[in-house]
Every structure is written in structure tokens, then in C-alpha cells.
Amino acid sequence: MSQPKTAGPVPEDRTAEEEQPRSPREIRLVMVGLVVTMLLAMLDNLIVGTAMPTIVGDLGGAEHRSWVVTAYTLTTAASTPIWGKLGDLYGRKGSFLTSIVIFLVGSALSGLSQNMTELIAFRAVQGLGAGGLMVGVMSIMGALVPPRDRGKYQGMFAAVMALATVGGPLVGGFITDHLSWHWTFYINLPLGVVALAVVVVTLKLPKVRSTARIDYLGAILLTTGITSLVLLTTWGGQEYAWGSKEILGLGALAVASLIAFCYVEQRVEEPMLPLALFRNLNFTLVSIIGFIVGFVMFGSTFFLPFYQQIVQGASATNSGLLLMPLMFGMLVVSLVVGQAVTKTGKYRIYPIIGTVVMTVGLILLSTMGVGTSSFTSACWMVVLGAGMGFLMQITMLVAQNSVELKDMGVASSTATLFRTIGGSFGVALFGALFNNRMKDTMTERLGAQASAGGAKDPSEMSPDELRQLPEAVQDAIHHAVSNGIHTVFLWGAGIAVIAIAAALFLRDVPLRGTGKEEKPAEASLEAAAV
């Protein structure tokens, strides 16, 4: 089997310049732009999700409302690896700024939309830019700050994640109530301008002119495969039955595209995603862990606000605050772990602890029932958040430490992509498990009344509507949602065991401390090769 040639897209002087240690002041200034950009990337869907009922009421086209999210998710996932590779080939600063501009153009056009078709199309443009935001942040961070020192700044990103998760729905609700839904998109513009200005002025990276040919065929095949997977997980069990010809066809297309992609990548001069990276044991293992973290985080926590609103009677208006205990656990642990990694240079123990704590948190959450108090559920959420806090930044750090600086963008985009695809699969699988268990419980408790329209679908009800139903129906719905939650978290715990196994095989490859140390590939490929 032929091996990919080592093209010359990244001159040695660029690698040497990126390896040069940066002053703390320079890094802090750049971090302002990176943090604002990360806030942009994370806030958007959370704000828009809160405003969706108002948007649909204004523009119509309720039957297409899911495409407002799907179009954004599709283009984000499909463009993520491409942005990573473009940054490696042509310079991280240029590709990062381009992605911000595209995101802002998509945001402005989305706010100007006059009908649902326009909104869906412009959301796709917005998602195209969003695919480069998170990748750009992480790859630039990897180029500026050696892994050994990255813990000093890790807390800022954890804080942004917590702020976005809690504040996004609240901001979306405030804008919708007091301004108009158009401002859920326009709010991105001033934030984006600040990020652009800071990055342009403060970020100094070498300019790159690559002579390598772009792997167009690889990009097309990878995009086709990712798009098919996202559509499969989005439509499966919702738009189409899992055994339908549409879903089976998407599955076949995804498999065929990805097999062809692997074949092509081994034969091109500059592959879109160098498969040789997966010969590094640590890189492969953290990709698996990242997939499962996304699977569990997005899949299981998707149903927590629903449980708290329907069963515990929490207000939907404050839905963003319902996940605060989880975010608190994630933020505190992430800060502590970041500082510990910086101080010791060791990281292997943290993914092991994190996967175990995450599994324990999922098991505890699976015990929630109709009588579980808000305080108890909040405590279990803190445990789950703590487990994720051990993992969220460490997985990216290990992935970046396992590659040469010239592949930093690819490593960052691959880690992001695995987490994104994991989240899509998690929501789809857990959604099917949740709905099936809920329907079975409703049938057990209400008999023929459940299928004869005697009880409204709980997913379409507000807590106020629930309280107006007969007591027997309310009780059935409470038990149905509780049993669905139990099934989701129990399955999540079982899947999280795979992450524990993967973490146990990680190796403590020394983290780069400064540019004077050895190149990461020379250290990590020898110490962590399969």
C-alpha cells in the first residue's frame, strides 16, 4: 500500500516561528478575540432555539422548522475538517478571519429573512462559517501556547462554555420578548466585529503560500459521508422510520463515501485528513473518548430540562438555569485540572478519573424518578459535570500534542468533528430510546386511552397544560418521562464504559513546554505508536 507523500505546504521557517515562545501579554491579548469567537460559536444555536416558536409564528412554514437547525448543523459538521486543513495549508489567521466573516454574513442575512426558505438557506451559510470558528480557536491556541502551559488559559474556555449554556436561552428569551427575533441573529454582528478587530491587530502568525494541490476529491467524499451521517441521525425515527429506504440509503451512502475517502487519502499528495495520524495510539484513543463525550453530553443532557419541566414542574422560561449545576461542576474541575496539568506536565490520570466519574454521574441520574427532588437531581448533575470537566479540554490537548505543528488544524478539526458526530448520534439514539420507553409506559398505565388520544404527547405540552389534565393522565405522563430518563442515562452509562477502557490505554507522552523542545511527532509517535 502506497504511503502519502510528504508535501511541502508548511515551510520550516513557519514551523519554527510558530514554535517560538510568546509573551504572556501577547497571548492574553489574542485570547480576548478567541474567547469572543468561541462565545459566538456556542451562543448561536442556544439563542435561536429559544426564539424558534416566535420565528415560526412570524415566517410560517412550521413543517420546515427542523431544517433551521439541521441546515446549520449540516454545514458546520461538513466544513469543520476542511477549515482545519485550510488553516494548515494556507495559514491559520487567514482561514480563521474568513470563517468569522462568513459567519457574520450568514447572521446578517438570517436576520433579514422574509420567509422560512430564506432563513434555512442563510442558516446554511452561517453554519459554513461556524465550522471554522471552533477549529480556528483551538488550532490558534495550539500554535501559540505549548500544551504544558495551556492549562493557564483552559479555564477561560470552560467559563465561556458555561456562560453560553446558561446564558444563551436567557438572552434568546429576553431578545424575543423585548426586541424581535431578528436580533437573535443581529447580536452576532457586534461580537463578531470585536473578535475580528482583536484578531487582526494582535495575532501574529507567519504567512504561508502552499504549493500543494488541494485534495478536492477527498473533501467531496468526506463532506458526503458526514452529511449522510448527520441526516441519518437527524431524520432517523423522526422524518422517516429507521428501517425505511431513505434511512438505509443514507447509511449505505455514508459507508460507501467514507470507505472511498479512506482509499483516496492514502494516495494523494496532501490528504484532507492524514490517516497516518490514527497510527498514533493516543490520537486514536482521544478521538474515541471525544466521540463518547459528545454522545453522552449532547445525547443525555438534551432530556434533562424536559424532565425538570414536566416532572419537577420547573419553569420553561428559566430553562437555561436548569443546567447550571452541570456547568458548575464542569467549570470548577476544568479549572483545577488545567492548573494541575500546567504544574506537573502529566495528564493520563485525568481522562481515567473523568470517564469513571462521568459514568457514575450517568448511573446516579438514571435513578431519578417522579419523587426525585430538584436538589437531588442538581447534585447528580454536578457529578456528571465534574466528569466532563476532566475530559473536555484534556481530549483536545492530547490530540494536539500527538501531532506536528503543521497538522494542528487537522488535529483540532478531527477532535471537534468526532465530538460533533458523537452528539448527533447521541441525540438520535437516546431520542429513540426515550420515546419508545415513554410510549410503553403510557400504554401500561392508561391502556387504550394512551393510543386513542386520551393523553396528549408530553413533548408538546407545557407544565401549565399538564396541570390542567386529569390526575391519572398527569401521573402517567410523570412516570413515562421518568422511565424514559432512566433508560437514557442507563444506556449512557453503559456506553461511557467504552470511554473508560479507552482512557486506560492512554500513555503519558511528555507535553511540549517551549519551542526549544523536540517536535511533538518525534516524541509522541515513538512513545505512543500502536
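Ser-413 counts as buried, at 2% relative accessibility, where buried means under 20% relative accessible area, exposed means over 50%, and partly exposed is in between (1.4 Å probe, protein chains only). This serine lies in helix 16; helices here are DSSP runs of H or I with at least four residues, strands are runs of E with at least two, and both are numbered from the N terminus. Ser-413 touches Thr-80, Pro-81, Gly-84 and Val-135, leaving aside residues up to four places away in sequence. A touch, or contact, means heavy atoms within 4.5 Å.

A word on where these values come from: the model is predicted, so local features need pLDDT of at least 70 and side-chain atom pairs count only at pLDDT 80 or more, while totals for chains, interfaces and linings use all residues. Residues are numbered from 1 along each chain as its sequence is written, and side-chain values use heavy atoms, with hydrogens and water left out.

Back in helix 16, there is also Val-410. Val-410 is buried, with a relative accessible area of 1%. Not counting residues up to four places away in sequence, Val-410 touches Gly-84, Lys-85, Asp-88, Met-272, Leu-273, Pro-274 and Leu-277. Gly-84 therefore turns up on the contact list of Val-410 and on that of Ser-413, given that a contact is heavy atoms within 4.5 Å. Val-410 and Gln-400 are 10 residues apart along the chain, and their C-alpha atoms are separated by 9.0 Å.

Now for the whole protein. It has 20 helices and zero strands. Of its 530 residues, 57% are buried. Take the contacts between residues at least 6 apart in sequence: 83% of them join residues at least 24 apart. The protein exposes about 21,600 Å², and carbon and sulfur atoms supply 65% of that; accessible areas come from the Shrake-Rupley method with a 1.4 Å probe, and for residues only the protein chains shown count as cover.

What about the inside? The largest nonpolar core has 124 residues, a nonpolar core being a set of buried Ala, Val, Leu, Ile, Met, Phe, Trp, Tyr and Cys residues joined through side-chain atoms within 4.5 Å. Helix 19 (residues 471-504) gives this core its largest share, 14 residues. Met-358 and Val-481 have the most contacts inside the core. Met-358 touches Val-296, Leu-384, Gly-387, Met-388, Leu-391, Ala-496 and Ala-499, again not counting residues up to four places away in sequence. Another core, of 12 residues, lies apart from the largest one, and its members include Leu-59, Ile-120, Trp-181 and Phe-185.

Next come the aromatic rings. The structure holds six aromatic pairs. Rings of Phe, Tyr and Trp (its six-membered ring) pair if their centres lie within 6.5 Å; planes under 30 degrees apart count as stacked, over 60 as edge-to-face and the rest as tilted. Trp-183 and Tyr-186 form an edge-to-face pair, 5.4 Å centre to centre with 85° between the planes. These two sit three residues apart in helix 7 (residues 183-186), so about one helical turn separates them. Trp-183 is partly exposed, with a relative accessible area of 42%, whereas Tyr-186 counts as buried at 18%.

Phe-295 and Phe-430 are also edge-to-face, because their ring centres are 5.2 Å apart and their planes are at 80°. This pair links distant parts of the chain, with Phe-295 in helix 11 (residues 281-301) and Phe-430 in helix 16 (residues 408-446), 135 residues apart. Both ends are buried: Phe-295 has 6% relative accessibility and Phe-430 has 0%. Ring pairs also link Phe-278, Phe-283 and Phe-418 into a cluster. Elsewhere, Arg-267 lies over the face of Tyr-263, at 4.1 Å from the ring centre; a charge sits over a ring if NZ of Lys or CZ of Arg is within 6 Å of the ring centre and within 35 degrees of the ring normal.

Helix 13 (residues 324-344) has 21 residues and reaches 30 Å from its first C-alpha to its last, close to the 30 Å expected at 1.5 Å a residue; the expected span is 1.5 Å times one less than the number of residues. Its buried residues include Pro-325, Met-330, Val-337 and Thr-342. Just after helix 13, Gly-345 takes a positive phi of about 75°. Gln-309 lies in helix 12 (residues 304-310) and is buried, with a relative accessible area of 16%. The C-alpha atoms of Gln-309 and Leu-322 are separated by 9.2 Å, the two residues being 13 apart along the chain.
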